[in-house]
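Please look over the sequence and the model below before reading on.

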Amino acid sequence: MAEQVKRTVRKGRIYRFLIADIEYSAFIWEAGASFCGRVENQPQVQQCRGRTAVAVRDMLRAALTATPPG
C-alpha cells in the first residue's frame, strides 16, 4: 500500500518583534474560536494557543524572554 502524505496549509499573519536587539518572527493563525502561534526557527519555544492573536503574540514573546537565544 502506498502511504499518503497530507499537507496542512494555514493562513495567518507574521508578527515581528525585537528582544535584546534580536528580531524574531511569529506566525499566528486562527484555529476555530481561538488562535495558535509559533516562533519561526525557534523549535525550543512551544506552540501557544490563546483567545486573541495579541494574547498569543504576548505568550510567545514571554516564552522567548525565558528561553536563551539559540
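The points that follow are grouped by topic.

This is a predicted model, in which local features need pLDDT of at least 70 and side-chain atom pairs count only at pLDDT 80 or more, whereas totals for chains, interfaces and linings use all residues. Residues are numbered from 1 along each chain as its sequence is written, and side-chain values use heavy atoms, with hydrogens and water left out.

**Strands and hairpins**

- Helices (DSSP runs of H or I, at least four residues) and strands (runs of E, at least two) are numbered from the N terminus, and two strands are said to pair if DSSP finds at least two bridges between them.
- Strand 1 and strand 2 run antiparallel to one another and are paired over 8 bridges; within this pairing Phe-17 has Tyr-24 of strand 2 as its bridge partner, while Arg-16 stands opposite Ser-25 in strand 2.
- The hairpin of strand 1 and strand 2 has 2 residues between the strands, and Ala-20 there takes a positive phi near 55°.
- Strand 2 also pairs in the antiparallel sense with strand 3 (residues 34-39), over 6 bridges, and here the bridge partner of Glu-30 in strand 3 is Phe-35.
- The hairpin that strand 2 and strand 3 form likewise has 2 residues between them, with Gly-32 in the turn at a positive phi of about 70°.

**The largest nonpolar core**

- A nonpolar core is a set of buried Ala, Val, Leu, Ile, Met, Phe, Trp, Tyr and Cys residues joined through side-chain atoms within 4.5 Å, where buried means under 20% relative accessible area, exposed means over 50% and partly exposed lies in between (1.4 Å probe, protein chains only).
- The largest such core has 13 residues, of which Phe-17, Tyr-24, Ile-28, Val-39, Leu-60 and Leu-64 touch the most other members.
- Two or more residues of this core come from each of strand 1 (12-19), strand 2 (22-31) and helix 1 (53-66), and helix 1 gives the most, with 4 residues.
- Leu-60 is in contact (heavy atoms within 4.5 Å) with Ala-26, Ile-28, Gly-37, Arg-38, Val-39, Val-45, Gln-46 and Cys-48, when residues up to four places away in sequence are not counted.
- Ala-62, whose place is in helix 1, counts as partly exposed because its relative accessibility is 47%; its C-alpha is 9.9 Å from that of Ile-19, although Ala-62 and Ile-19 are 43 residues apart in sequence.

**Aromatic rings and charges over them**

- The structure holds 2 aromatic pairs, and one of them joins Phe-17 and Tyr-24 in a tilted arrangement, 6.4 Å centre to centre with 35° between the planes.
- Rings of Phe, Tyr and Trp (its six-membered ring) pair if their centres lie within 6.5 Å, and planes under 30 degrees apart count as stacked, over 60 as edge-to-face and the rest as tilted.
- Phe-17 counts as buried because its relative accessibility is 4%, and Tyr-24 is buried as well, at 7%.
- The charged end of Arg-61 sits over the ring of Phe-17, 5.0 Å from its centre, and the charged end of Arg-13 sits over the ring of Tyr-15, 4.9 Å from its centre; the criterion is NZ of Lys or CZ of Arg within 6 Å of the ring centre and within 35 degrees of the ring normal.

- Ser-25 lies in strand 2 and counts as buried because its relative accessibility is 16%; its side chain makes a polar contact of 2.6 Å with the side chain of Arg-16.
- Ser-34 is found in strand 3 and counts as buried because its relative accessibility is 14%; a polar contact of 2.8 Å joins its side chain to that of Arg-49.

**Loop residues with positive phi**

- Ala-20, in the loop between strand 1 and strand 2, has its positive phi although it is not a glycine, and is exposed at a relative accessible area of 71%.
- Asn-41, in the loop between strand 3 and strand 4 (48-50), has a positive phi near 60° and counts as exposed at 68% relative accessibility.

How values were computed: Polar contact = N/O pair within 3.5 Å; in protein donor to acceptor, adjacent residues only side chain to side chain.
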